Structure formats: C-alpha cells, structure tokens
Amino acid sequence: MMRATLLNRRKLLYFFGGVLLNVFALYAYNAGGYSAEVFVFWAISLGAIGAAWFRAERDGMTIEREDLVILLLLLCCAIPLYLWRVYDVPVQVNTDEIHIGDYFEKAVTMPSPDLFGLSDYFDFPFFVFYFFGLIAKALGGVDFYHARMAHALSGALITIPAYMLFRLFWERKYAVGATAVLMSNHALIAISRMVSRNNVLAFNVCFALFFLLLGIKRKSPFYTFIGGVAAGLSFYQYPP
C-alpha cells in the first residue's frame with residue numbers, strides 16, 4: 001500500500017513537473033527566442049511526462065520473436081531496394097535536389113539555428129533540414145551522394161512503423177503483404193532516392209498512428225502520449 005502511494009506521488013511529481021517545465025520552455029522561447037537551454041528544457045519536459053506513465057507499462061513492452069525476425073527480413077529487402085546505386089538512379093537530377101542539398105549544408109553550419117522556427121526556404125520548418133543535414137554529415141559528409149543516401153535510408157526505415165501499424169489489425173501474413181505493397185510503391189521509392197525530406201512524414205504518421213491506436217486499444221496513457229508527441233513532431237518535419 002505504502003509502495004503504491006509513493007509510486008503515485010512520483011508519477012504526479014514527474015507529470016506536473018514536466019508540464020510546468022514545458023510551459024516555462026514555451027515562455028522562454030516566446031520571450032527571448034530559441035536557445036540550447038530552451039531545447040533542453042523542452043526535451044526534459046517531454047521525458048518527465050513520459051516517465052510519469054512509463055513504469056506502469058514497461059512490463060508489457062515486448063515484441064514477439066517472430067515479428068522481430070520478420071521486421072529484420074523486411075528491412076534486409078527494403079535497404080538494398082532504396083539504397084542500391086542511389087547516386088546514379090534516378091539519373092535525372094531534379095533542381096529541387098540541388099537547392100535542398102545546399103540547404104542541408106547551410107542548416108548544419110549555422111552557429112545557433114532555431115530548431116523550432118521556419119527556414120527561409122519557402123518557410124518550411126527548419127528542423128527537417130537540420131535533421132537530414134546531420135544524418136548526411138554522419139554518413140560521410142553533406143554532399144549530393146550522402147544527402148540522397150540519408151533520404152533513401154529514411155524511406156527504407158518506414159518498413160518498421162508500417163509493419164507495426166499493420167500488425168495491429170491483421171495477422172502476420174497480411175501485415176507482411178501490406179508492408180511489401182507499401183515499400184514497393186514506385187512513387188515512394190522514387191522520392192526516397194532523391195535529395196528531399198518528404199518521406200519522413202510517412203514514417204512519422206505510421207509511427208504516431210501505431211502508438212495512438214495501441215494506446216486506445218490498451219487504454220494506455222504512455223502509448224497515447226508517445227503517439228501524440230510523434231504526431232506533434234510531424235509539424236517540425238514536413239507539414240501534414
């Protein structure tokens with residue numbers, strides 16, 4: 001009884017502490033603009049709110065071995081399909097690829113970028129350019145080849161949340177079939193193999209829907225919160 005009371009108090013402490021810290025981060029951003037401290041406060045606030053519900057859910061956070069094997073096999077098929085000869089195919093270089101790739105480089109070289117703000121590239125969210133710029137840089141450099149590779153990799157990774165989402169509704173064989181249909185879609189493959197940032201929304205929507213629906217199905221505040229955070233982050237990536 002006493003242990004349950006302490007856990008409930010800790011949950012309330014994390015929850016309300018996270019909410020207050022989030023409000024403070026919003027106030028600080030509105031009053032003084034973006035800073036590294038504002039980002040840290042914002043990130044900690046989300047972590048604290050999530051931690052308030054995590055303990056009750058962690059025992060049920062498992063994935064069946066069969067699903068894990070299937071996911072790995074699907075990824076092994078998707079990665080070569082999306083990354084093989086990504087520098088050469090598509091042969092035609094879209095003009096947007098040049099401008100977006102240049103902006104990737106610009107984003108990661110800015111001294112103090114506003115990750116919550118808009119870019120001067122047609123007022124698209126800045127965060128998505130910074131995100132792909134960092135990935136390209138980690139892969140080897142912010143150039144045409146690695147920018148294409150970064151976007152193609154994000155396309156291949158859609159396999160994971162897509163299969164998880166389909167698995168909520170169907171048995172394995174149908175979930176595998178639905179994932180295969182999605183990942184072999186010619187439009188998704190084509191845009192993923194170009195320097196862009198469009199496909200990240202597909203990843204995020206599948207991820208958010210999976211956790212939102214799982215949260216509703218299990219009546220879980222934690223899973224619903226994760227889905228809500230993912231849905232909110234979509235507006236920092238590519239506006240829905």
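Because the model is predicted, local features were considered only at pLDDT of at least 70 and side-chain atom pairs only at pLDDT 80 or more, whereas totals for chains, interfaces and linings use all residues. Residues are numbered from 1 along each chain as its sequence is written, and side-chain values rest on heavy atoms, with hydrogens and water left out.

Two packed helices are described by the angle between their axes and the distance between the axes. Here helices (H or I, at least four residues) are DSSP runs, as are strands (E, at least two), and both are numbered from the N terminus; axes are lines fitted to C-alpha atoms, for helices over the stretch in contact, with angles running from 0 to 180 degrees between N-to-C directions. Helix H3 (residues 65-83) packs against helix H7 (residues 159-167) at an angle of about 140 degrees, the axes lying 10 Å apart. That angle makes H3 oblique to H7, given that angles under 35 degrees count as roughly parallel, over 145 as roughly antiparallel, 65 to 115 as roughly perpendicular and the rest as oblique. The crossing of H3 and H7 is right-handed, a crossing being left-handed if the near helix is turned anticlockwise from the far one by less than a right angle, and right-handed if clockwise. To the contact (heavy atoms within 4.5 Å), H3 contributes Asp67, Ile70, Leu71, Leu74, Leu75 and Ala78, and H7 contributes Thr159, Ile160, Tyr163 and Arg167. By class, seven of these residues are nonpolar, one is polar and two are charged, where Ala, Val, Leu, Ile, Met, Phe, Trp, Tyr, Cys and Pro count as nonpolar, Asp, Glu, Lys and Arg as charged, and the others, Gly among them, as polar.

For helix H10 (residues 200-218) and helix H11 (residues 221-233), the axes come within 7 Å and cross at roughly 155 degrees, and the two helices are therefore roughly antiparallel to each other. H10 passes H11 in a left-handed crossing. Among the residues that meet are Phe207, Phe211 and Leu212 in H10 and Tyr223, Ile226 and Leu233 in H11; the contact as a whole divides into eleven nonpolar, five polar and one charged residue.

Across the whole structure, seven salt bridges were found, each defined by a side-chain nitrogen of Lys or Arg within 4 Å of a carboxyl oxygen of Asp or Glu. Glu66 and Arg172 form one of them, at 3.8 Å from N to O; Glu66 lies in H3 and Arg172 in helix H8 (residues 172-183), so the pair ties together parts that are 106 residues apart in sequence. Arg172 also forms a salt bridge with Asp67, with the closest N and O atoms 3.0 Å apart, and this pair likewise links H8 to H3, over a separation of 105 residues. On the accessibility scale (buried under 20% relative accessible area, exposed over 50%, partly exposed in between; 1.4 Å probe, protein chains only), Glu66 is partly exposed at 45%, Arg172 is partly exposed at 24%, and Asp67 is buried at 7%.

Elsewhere, Glu97 forms a salt bridge with Arg148, the closest N and O atoms being 2.8 Å apart. Both Glu97 and Arg148 are buried.

Ala150, placed in helix H6, is buried with a relative accessible area of 2%. Ala150 touches Phe132, Ile135, Ala136 and Leu139, residues up to four places away in sequence not being counted.
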